[in-house]
Every structure is written in structure tokens, then in C-alpha cells.
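This briefing looks at how two protein chains meet, with the points grouped by topic below.

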Number of protein chains: 2
Amino acid sequence: MALNLERVGKVWGPYEFNYNERDLIIYALGIGFGKENLEYVYEGAKDFKAFPTYGVILPSNAGAEAFLSTKANFAMVVHGEQTLEMHNPLPRSATISTTAVIEGIYDKGSGALIVMRFDSKDKNGKPLCSNWSSAFVRGAGGFGGAVQPKKEIPAIPQRNPDFVFEAQTVVNQAALYRVSGDRNPLHIDPAVAKAVGFKEPILHGLCTYGVICRRFVREVFQGDCGKLKSYSARFSSPVIPGESLQTKVWQARPHLFLLEVYNAKGEAVIRNGVIESK
Amino acid sequence: MALNLERVGKVWGPYEFNYNERDLIIYALGIGFGKENLEYVYEGAKDFKAFPTYGVILPSNAGAEAFLSTKANFAMVVHGEQTLEMHNPLPRSATISTTAVIEGIYDKGSGALIVMRFDSKDKNGKPLCSNWSSAFVRGAGGFGGAVQPKKEIPAIPQRNPDFVFEAQTVVNQAALYRVSGDRNPLHIDPAVAKAVGFKEPILHGLCTYGVICRRFVREVFQGDCGKLKSYSARFSSPVIPGESLQTKVWQARPHLFLLEVYNAKGEAVIRNGVIESK
């Protein structure tokens, strides 16, 4: 079935979303924080706070209506890219209001790319963050639609990375991450994973995204998550819970970092990673 | 300050408590279940269910009022014993009503033992489980009060255990377990742990309790948690998250199992363990 292109540009919502300290802790544990980082896992810590990538959770209930209006076959969708832009630190609990808009539906030949934008505010209207989420719909391309505008990503410098660090995921990473909101059975149910062509359940792209940002903040920002201005990543290969990931970082400009993330087989699981600092 | 003995026998509550599938999953992960046990961590599993020791969570908000009426110094309290008796399987989500009663306040010399009983029902009045929880109040003994009636626990048979199994806890076990309800900082805050005489934060007694029952059900009940009729344990030494525990089980009668649990140093962390099967 052809995608419905008429929905591009329409604003959906706002959708309300609530979270509390317990939800922040569960998310932080889900991306691998633990007792050595009490500021994210213990509400009684003096400096308790939300880790900024919790921002990707805020549109949890804001995407379905707009997305389904495109008539895309959900079983054929994989998460392509994610960009998070921080406007203000996330409160330790909040009632959030998020609007959704389909920015574009692009023809990639083998499939279609649906790019959605989400803007989240607190109940006083203070902007907290924006998310761009790209869904690749396998088999839905070739409709003669627009070509995705090229993003201006600086080339990776011709030198060894400026930072290299490891991140160990655990076999139950997806089981824990999913209680933060994304209950897609692909990440826990072996039968569902097999039915869509994977050997076993794969980790949520957004879990990998959080895991890598956790390690980046420690290695590059010396633990100061307040420095995160924006973070983009393309999910180029699936991660299996339990895999160890290696991140290579090039500091292209004083406030611009380029990332690539590899699994133990040397496959890139994140490409086009870009982190901007404040 | 002397304890207020006048509250013995008074019924408090009922107190309402709600839980859902997400809460059951978070609890199951907190006692060490993972993707090899989808029936406890994946709400889409055909046989998804509550693990029976989630019953100890139901009185989470039902104990404070009665307990505080005794004027016990909360900082001096350690969890002594726990008994859970199952009346019916726990639903996958429920509104629970729990009453609390102080069954007795006993003089143990070096301290006082406060024994509370909790009865939990669903909203239709169907009894789900009862809990008995004993709190040992250090320094509050010697008031000439009643001696605790002796429980009839069969002696451990003079033979090697009938089952021996290991349970590995992880360093972030307490950080995860505490989001199921017991936020006592003793289990996460190094400063609080030191202030009350521990080198580092200790695992919740009720987390150890759940971890051991998880392993028991697998090893002795071949995975059938519906066989659990009742489960008693005395918390005789603290467990540090990350420790490996060894459980020894003697089948004293066809439906009666006696347990002892040891840490790697050979200290008993659970004594007087008794599990009755259906």
C-alpha cells in the first residue's frame, strides 16, 4: 500500500506525558547507570537529576497517531536515525506536553523514510527538548517521492580518534530498558524477532543511544551531562543485548564531536554520530 | 524511649495499593529474573504472571502508621523475619486493600521485636496473601515484656542437604530492587549505611528473600511457582549487592522444605528458612 503523503506538515497533539523520579531512575538503570552514579539512580542524592537522553522518552505517546496516518506497515519499520536537541534541563518530575509533526516522507528506493519532529514543553510552556526520529519503512520506496535533503555532517578527520572507549551491555538490557516505554516485542520476544528476520531479540536503538551517551559524558564531558546540547545518531546495525561496543570520537571543532560505534565483529552499529556541546 | 505496647491487637487500615504489569516486571528484574524467564518479565508472554513473592510488596504503604504508633526509633530497626502465606495467585494488575495489626511486641533483652501481620485482598474481597514481618529494634529491650512464643520449626535432618544451589546477586541489585517500593537509603547511600554501622549499603532482606525463592522455584519446584504455599525466613546477616549466595535445602516432609543460605565467607544470611508447598 502506498504511503499517505498528505499528512506532511500537519501538527498533531499536544500529547500529555508524566514522569517522576522513579521513572528517571528506571531509565538510568536501563542505559547502564548504577550505584557509582548516584546522581541518576538515587532520588536522595544531593545532585539527583535526569540524564538528558531521557528526552527521547518524552514523545513516547506522541508519535502513534501521526505515524499511523501515513498508513506505513509497522511490522516493516526500523528505527533509522534519532536527533535530540536540549533546550533546558529536564526537571526531576514533570507533566510534559509534546506536539508531533511529520517533517517529510522521502523515497529511498528500497524503502521510505518518515521523519518526525517532536517538541516537548513543561506545563508552563518552557521548551525542554526537541526530537527528530526517522523511521525506515522497508519495501515502501520507489513511489517517485522527494529525495531526503542532505544533512551537513563534517567529514571524519583523517587521523586516529581523539577518544576511544568501551561500553558493555548486559543480556537483560532490553528487558529493563523496555519498561521505560518502548514495549515493542521485537526487543524481548524471540518468536517476534525471528518473524521479522532477526536471529534473536535486538536491543532498542534508543537504548544503545543512551548507553553511548552515558559513556561519552563520562569520558569526554568529565561527567557533566549539562554540556550536552544536541546528539544525532544513525542506527546502522542491530545490537544484541550483552554485546560490548566500542566508540570512536573525533573532536572536529571545539564544540562538535563525531562518533562511530562498533560491535566486536567490527560492524558499525552507530554511524553519523554527532554531539554538540554547550 | 519505651515502646508503646498499647497498640498490640489494634487493626489499622485498610490501605489501598495499586500495581500493574510494569510493576511486576520491575520487581521480577529486581530479584534477578531475566529474558530466560519471559513469564515474569514480558507482559506479552502467554503465561505472564506475578511471581508470588511480589506479595511482600503489597503492604508497602500499610505498615508505617501502626509501626510509628509504637514509638520505635526507626534508625535502630533491622528487618528480622518475614513470612508470606499465599491464599490465591496474584493478578497481573490489581487494586489491593491491606489491613495491618501489631501481633506482638516482645522483649529480646538487647532489643525489642515488633511482629506485624498484614492481610491483603483484591477489590472484590478475595484474600490474596498474608505477611508477617518482624522488626528488631536495637536497644529497646529489657522492658520486662512478653517473651516471643516459640515457633515450631522442625530440626534440620542430620544428613547432607537434598538440594544445593547458587544465586549470584549483582552490584546494582539494590539500586534496581528499591524502585519496587522500599526506598530506605540504607540500601543505596554510602553515608547513611556508614552512619548506622555498615561499611557500605546492604541489600534489602526482602530482595535476598525474593532471589532465593526465584532459585528455589526453579531447582525444587521445576519452575512451577504456583506450588508455593508459604515461605518464612530469618535475616541473620547482611548481604552486600554482588555477593554470591549458596542455598542448602532439606526436604523434611513431602510438602515442607527447610532452608539455610550462606555467603561466600560461610556466614548464614538466612536461617530458619521454611517453604511449604501445595
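What is the area buried between chain B and chain A, and what share of it do carbon and sulfur atoms give? In this predicted model, the buried area is about 2,300 Å², and carbon and sulfur atoms give 53% of that area. On the side of chain B, B:Arg22, B:Lys35 and B:Tyr42 lose the most area to chain A, and together they make up 27% of what that side buries.

**Contacts and charges**

- The interface brings 25 residues of chain B into contact with 25 residues of chain A.
- Six salt bridges are counted between chain B and chain A, and one pair that forms a salt bridge is B:Glu43 with A:Arg178, whose closest N and O atoms are 2.9 Å apart.
- Polar contacts across the interface involve 12 residue pairs, with both residues of each pair at pLDDT 80 or more.

**What chain B supplies**

- Helices α1 (21-30), α2 (38-41) and α4 (173-177) of chain B each contribute at least two residues to the side that touches chain A, and α1(B) gives the most, with five residues.
- By residue class, the side of chain B that touches chain A is made up of 14 nonpolar, two polar and nine charged residues.

Notes
Residues numbered from 1 in each chain as written. Chains lettered and ligands numbered in written order. Predicted model: local features only at pLDDT ≥ 70, side-chain atom pairs only at ≥ 80, totals over all residues. Heavy atoms only, no water. Contact = heavy atoms within 4.5 Å. Buried area = accessible area lost by both parts, 1.4 Å probe. Salt bridge = Lys/Arg side-chain N within 4 Å of Asp/Glu carboxyl O. Polar contact = N/O pair within 3.5 Å; in protein donor to acceptor, adjacent residues only side chain to side chain. Helix = DSSP H or I, 4+ residues; strand = E, 2+ residues; numbered from the N terminus. Nonpolar A, V, L, I, M, F, W, Y, C, P; charged D, E, K, R; others polar.
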